[in-house]
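Please open the structure in a viewer and display it as a cartoon.

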Amino acid sequence: MLDRRDAMARPPAGGLGTAERRSVFGGPLVVRRYAPRPAAWPRDLRLRAALLTDIHAGMPLMPLERIAAIVDTVNALGADLVLLGGDYLSSMKLPYRRFAPEAWARELGRLAAPCGVFAVLGNHDHGRRPGPGLRPDDGRTVRAALEGAGIAVLENEAATLSVPDGEFRLLGLASQRVRKEKGRWIGADDLDGLIRGLDDDRPALLLAHEPDIFPRVPRRVALTLSGHTHGGQVRIADRALVVPSRYGARYAWGHCIEDGRHLLVSGGVGVSGWPIRFGIDPEIVMVDLGHSDED
Ligand SMILES: [Fe+2]
């Protein structure tokens, strides 16, 4: 089941403005709103979360000024919680210019929400040069940059958060694609460990860069939030042509419900591989949980 509700992002003063036009490099930033009703989330626990993912910082397609404008837009949405879904680094099949990790992290460090700002890493944050003059590593440089900017990174770690209506758990999964061995992706993810740590009945959200984990996520987790796919990055007639997922287009984009379990996949804001983004506008996902039907 796929369900998407689109809304044009209202750019803040000095933000994206009207100069951003639709082209093969992407369209205007949109805010896509979802109000899922997972059985494992109490109706009286209201939470509004923003998901920003797949930034892929680098010139020419994701300059620091654009990241700054996206951050301003997220902050203007007034979410209780901001989630960063991974893939901060760029990786392009054509020449591009990297930034020092501290540069994009400084912009992300301006994100603010009452419950905080939490991040996971993506596959592009591992095994690639994280900045000019830096060697590829296992993601530690990206993690350090985020933490240096005051952002909590959850790599197979959980946080207990509270909103006025009560408490919930946020689980952050490490990337399922940190390196390739004999043609197979190897992950750093430990879903079983995260689930074992759910030792009470507080409702739980899972932030996982790649949506491929979803078939293994138990009903105990109310909602899984992912990115990674860019919705296919190129969509013709609302169909993704190529999706970096072992499930093809099944989890390419949007709201998916299977066996009463809920998944939201954001199309993200950036581009990787070939510098083309077509048929799917860059998006910030806003999720309203626990709001009554009258809201
Ligand atoms: Fe990714």
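In what order do the six strands of the open sheet lie? The order is β7-β8-β11-β12-β16-β15, and the pairing is mixed. The model is predicted: local features need pLDDT of at least 70, side-chain atom pairs count only at pLDDT 80 or more, and totals for chains, interfaces and linings use all residues. Residues are numbered from 1 along each chain as its sequence is written. Strands (E, at least two residues) and helices (H or I, at least four) are DSSP runs, numbered from the N terminus; two strands pair if DSSP finds at least two bridges between them.

Proceed to β8 (residues 166–173) and β11 (residues 204–208), which run parallel and are joined by five bridges. Here L170 stands opposite L205 of β11.

Now select β16 (residues 261–265), which runs antiparallel to β15 and is joined to it by five bridges. L263 in β16 is the bridge partner of C256. Two residues separate β15 and β16 in a hairpin, and D259 in the turn has a positive phi of about 50°.

Finally, select helix α2 (residues 101–108). Its residues P101, W104, A105, E107 and L108 are buried, that is, 20 or more other C-beta atoms, placed from the backbone, lie within 10 Å of their own. Seen down the axis of α2, the buried residues fall within an arc of 155°, so they line one face of the helix; the arc is that of the directions from the helix axis to the C-beta atoms.

Technical notes: A residue is buried if 20 or more other C-beta atoms lie within 10 Å of its own, exposed if 12 or fewer, and partly exposed in between; C-beta atoms are placed from the backbone.
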